[in-house]
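Student: I've got a new model open and want to go through its helices. Can you walk me through how they pack?

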Amino acid sequence: MKARFAKSLCLTAVASLLLSASLSAQAARTLKVSLQVNTKHPVGANIVLFKNEVEKISNGEIKVELYDSAQLYKGSEVPQAVSAGAVDMGLVLIDEYAGTIPATGLFSVAFMFPDYEVLAKAASPDSPVRQEIDEMIRKTGTRVLWWQDYGPVQLLSKGDPMIMPSDMKGKKVRVLGKPSGDFISAVGGIPVKIGGSEQFIAYQRGTVDVGMTGTTAIESRKLFEVMDSVTITNHAQTEFLVVINDKLWDSLSDQEKKWVSTAARTAEDEIRADTKTNNLKSEQFIADKTPMKVIHLEPAQIEAWQKAAAPAVDVYIKESGDVGKKLVDEVKKLY
């Protein structure tokens, strides 16, 4: 009798443990993330850091599944996919929102950010510039979790380097989106939107005459193999966003929101702290280890570019309305 009772207690205890484990497994939340780059790419590696951090601080109560290299969606498809709830989270180049929300294209407006310091202040979580843009994006059904600073944008060319705005006249130029396209139009070029992963082939085949990309991308994508020179214009800044479906965010518990927010802030702080160093290292690598010529502009030449690009700022303000004017004014306060 006692043996049967003890056995019963044992079985009950085992059953309780199994039920507890089962409930714990069911309670674990899984967030699926779509990204168009691989996990070795700087912004992809930064999302891996977020994954590791949130899984660690939540003790596995939040799991993150990464679908890299556009397995699920191309970069241009991510805003709609996240907004519709087809995927929980996604990586988005901020310019992807500029087509429908022109004011979000601020960071690609030519020569708006003269240096890393002004950029960092404008993109800081407590910046009124950042907060205004985050809120505009939230109204699309996606909430920004963190920003990823990918660094300044430069001009690449084959043959003659781009030194003065007049060198761009009649040239087909790869652009990232509408704001950078407005800049190219302002200096007499012909904007052609080409995805980041398609650059190498586009330059190799001569689809465009002039390239436009981040400094680190020249190294990581080996663009020095198909282009002869890079002009360090630093004319725009590349900002990626990691967004989450807003309804999903609202469904998270306060504790889950805290875990996710903490991991997101850790990821953002790390990538922004490393960006300037990584870009300068890539610039040095290009100059020392590749046949590509690195050109630094003189102050008078930069001034000529700024003057020629001014109409692009006017276009941005015209298309963005009062909010665009407000954002431009806020950035200029940081100079």
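Tutor: Start with helix H6 (residues 178-186) and helix H11 (residues 299-332): their axes come within 8 Å and cross at roughly 135°. Axes here are lines fitted to C-alpha atoms, for helices over the stretch in contact, and angles run from 0 to 180 degrees between N-to-C directions. This is a predicted model, where local features need pLDDT of at least 70, side-chain atom pairs count only at pLDDT 80 or more, and totals for chains, interfaces and linings use all residues. Residues are numbered from 1 along each chain as its sequence is written, and side-chain values use heavy atoms, with hydrogens and water left out.

Student: How are H6 and H11 oriented to each other, then?

Tutor: H6 and H11 are oblique to each other. Angles under 35 degrees count as roughly parallel, over 145 as roughly antiparallel, 65 to 115 as roughly perpendicular and the rest as oblique.

Student: Which residues make the contact?

Tutor: H6 brings Lys178, Asp182, Phe183 and Ala186. H11 brings Trp305, Ala308, Ala309, Pro311, Ala312, Val315 and Glu319. Contact means heavy atoms within 4.5 Å.

Student: What classes do the residues in the contact of H6 with H11 divide into?

Tutor: Eight are nonpolar, none polar and three charged. Ala, Val, Leu, Ile, Met, Phe, Trp, Tyr, Cys and Pro count as nonpolar, Asp, Glu, Lys and Arg as charged, and the others, Gly among them, as polar.

Student: What else packs on H11?

Tutor: Helix H5 (residues 128-138) does, at an angle of about 150° and with the axes 9 Å apart. That angle makes H5 roughly antiparallel to H11. Pro128, Val129, Glu132, Ile133 and Met136 of H5 touch Val323, Lys326, Leu327, Glu330 and Val331 of H11. Seven of these residues are nonpolar, none polar and three charged.

Student: New topic. How many residues does H10 have?

Tutor: H10 (residues 254-289) has 36. From first C-alpha to last it reaches 50 Å, close to the 52 Å expected at 1.5 Å a residue. The expected span is 1.5 Å times one less than the number of residues.

Student: Where does H10 bend?

Tutor: At threonine 275, by about 40°. The bend is the angle between axes fitted to the seven residues ending there and the seven starting there.

Student: And how does H4 pack with H10?

Tutor: Helix H4 (residues 116-123) packs at about 165° to H10, with their axes 12 Å apart. So H4 is roughly antiparallel to H10. Tyr116, Glu117, Leu119, Ala120 and Ala123 in H4 meet Glu268, Arg272, Thr275, Lys276 and Asn279 in H10.

Key. Helices (H or I, at least four residues) and strands (E, at least two) are DSSP runs, numbered from the N terminus.
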